[in-house]
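Good morning, and thank you for joining this group meeting. Please bring up the sequence and the structure, and we shall go through them together.

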Amino acid sequence: MNLNRFYRGITQNNTQNHAEISASFRVASEASMLIGGLQKLTLIDYPGKLAATVFSVGCNFLCPFCHNPELVDPEKSKKQPRIGEAELFDFLVARLGLLEGVCVTGGEPTLQADLPEFIKKIKDLGYLVKLDTNGSSPLMLERVLNDKLVDYVAMDIKVPLEKYKKIVGPAVKLEDIQRSVELTRLAPDYEFRTTVLPSLHSAKDILSIGRWLQGAKKYYLQQFRPTKCLDSAYENEKPFDSEKLVKICNGLKIFFDECGIRE
Ligand code: SF4
């Protein structure tokens, strides 16, 4: 996908394209949760728990370094095979007593209208639920928190707030991101995390994110891995030098109870 061309289109059409993509996922998801992947066992996605990870289809952001183009690129995601809810719940029932939690990730799960009902069915089986979000839908986040449907929220922080539009696309509402940050802090357990790339994040940017989120429980810097990316040009990007990232991370530790690097 040529993101530069896509972004230019968005700018020229005054964000209409972006809104249409988002709306198409919302409409499509009114019938049921769109699931495009299932990882049957993960030891890392849900901190401290044995879990499975469910991948929802569709996202309203276009982070060029996204590792899930098959769930995000509108053309590719149409071709991504779906997993039916019946198949998923058969699997979850069969793993009762073996798995402790389910991570609901994407794409962006909060775009899907029946997310609360979907999570409730998982909770009713007795699983803990972790929700990964880009923070663009604070109303949905508030709903699942109020209904006590999530045990852990992981919110992606892409860049300092003032740089969001440049990275994820111009239609993002910064007030929604800020509201989601506030809501995430109210979750039973939570983390913020940022996938960092030298070409997109200066040390100053990362420090600025630290100040923005200060007082939060956990914040992680995630090393970018140049595998498949939404913008294929990013597959040649170099990740941060490990020593440099450790230094940056050390400078952030005053802001958080827990702060670390995920390789
Ligand atoms: S990284 Fe996350 S928020 Fe960004 S495009 Fe991919 S799924 Fe969406």
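This is a predicted model: local features need pLDDT of at least 70, side-chain atom pairs count only at pLDDT 80 or more; totals for chains, interfaces and linings use all residues.

The protein chain contains 263 residues, and 41% of them count as buried. Its secondary structure consists of eleven helices and eight strands. Consider next the contacts between residues at least 6 apart in sequence: 72% of these join residues at least 24 apart.

Let us turn to the strands, starting with E6. Strand E6 covers residues 190-196, and six of its seven residues are buried, so the strand is largely enclosed by the rest of the structure. Which strands does E6 pair with? One partner is strand E5, residues 152-156, and the two pair in the parallel sense over four bridges. In this pairing, Val153 stands opposite Tyr190 of E6. Another partner is strand E7, residues 218-223, which runs parallel to E6 and is joined to it by five bridges. Here Arg193 stands opposite Tyr220 in E7. To get from E6 to E7, the chain passes through helix H10, residues 203-213, in a right-handed β-α-β crossover.

From E7 we may move on to strand E8, residues 258-262. Five bridges join E7 and E8, and these strands run parallel. Gln222 is found opposite Arg262 in E8. Between E7 and E8 the chain goes through helix H11, residues 242-252, and this β-α-β crossover is right-handed.

Let us take Val129 as an example. Setting aside neighbours within four places in sequence, Val129 has contacts that include Val102, Ile119 and Val150, together with Gly101, Leu149 and Asp151.

Is Val54 buried or exposed? Val54 is buried, because 26 other C-beta atoms lie within 10 Å, where 20 or more are required. Beyond four places in sequence, Val54 is in contact with Ile35, Leu38, Leu88, Val102, Cys103 and Val104. Val54 and Gly106 are 52 residues apart along the chain, yet their C-alpha atoms are separated by 7.6 Å.

Gly106 brings us to the ligand. Which residues are around the ligand? They are Cys59, Phe61, Leu62, Cys63, Cys66, Asn68, Val72, Gly106, Gly107, Glu108, Asn134 and Asp156. Sorted by class, this shell has six nonpolar, four polar and two charged residues. Two of its members, Gly106 and Gly107, are joined by a cis peptide bond, with omega about 10°. Gly107 itself is in the loop between strand E3, residues 101-105, and helix H6, residues 115-124.

Lys148 is located in the loop between helix H7, residues 138-146, and strand E5. Lys148 is not a glycine, yet it has a positive phi of about 55°. Lys148 counts as exposed, because 10 other C-beta atoms lie within 10 Å and the limit for an exposed residue is 12 or fewer.

The other residue is Val181, in helix H9, residues 174-184. With 18 other C-beta atoms within 10 Å, Val181 is partly exposed. Apart from neighbours within four places in sequence, Val181 is in contact with Gly135, Met155 and Leu213. Val181 and Leu213 are 32 residues apart along the chain, and their C-alpha atoms are separated by 7.9 Å.

Thank you for your attention.

How values were computed:
Residues are numbered from 1 along each chain as its sequence is written. A residue is near a molecule or strand if its C-beta atom, placed from the backbone, lies within 6 Å of it. Ala, Val, Leu, Ile, Met, Phe, Trp, Tyr, Cys and Pro count as nonpolar, Asp, Glu, Lys and Arg as charged, and the others, Gly among them, as polar. Two residues are in contact if their C-beta atoms, placed from the backbone, lie within 7 Å. Two strands pair if DSSP finds at least two bridges between them. A crossover is right-handed if, with the strands pointing away from the viewer, the path from the first strand over the helix to the second runs clockwise.
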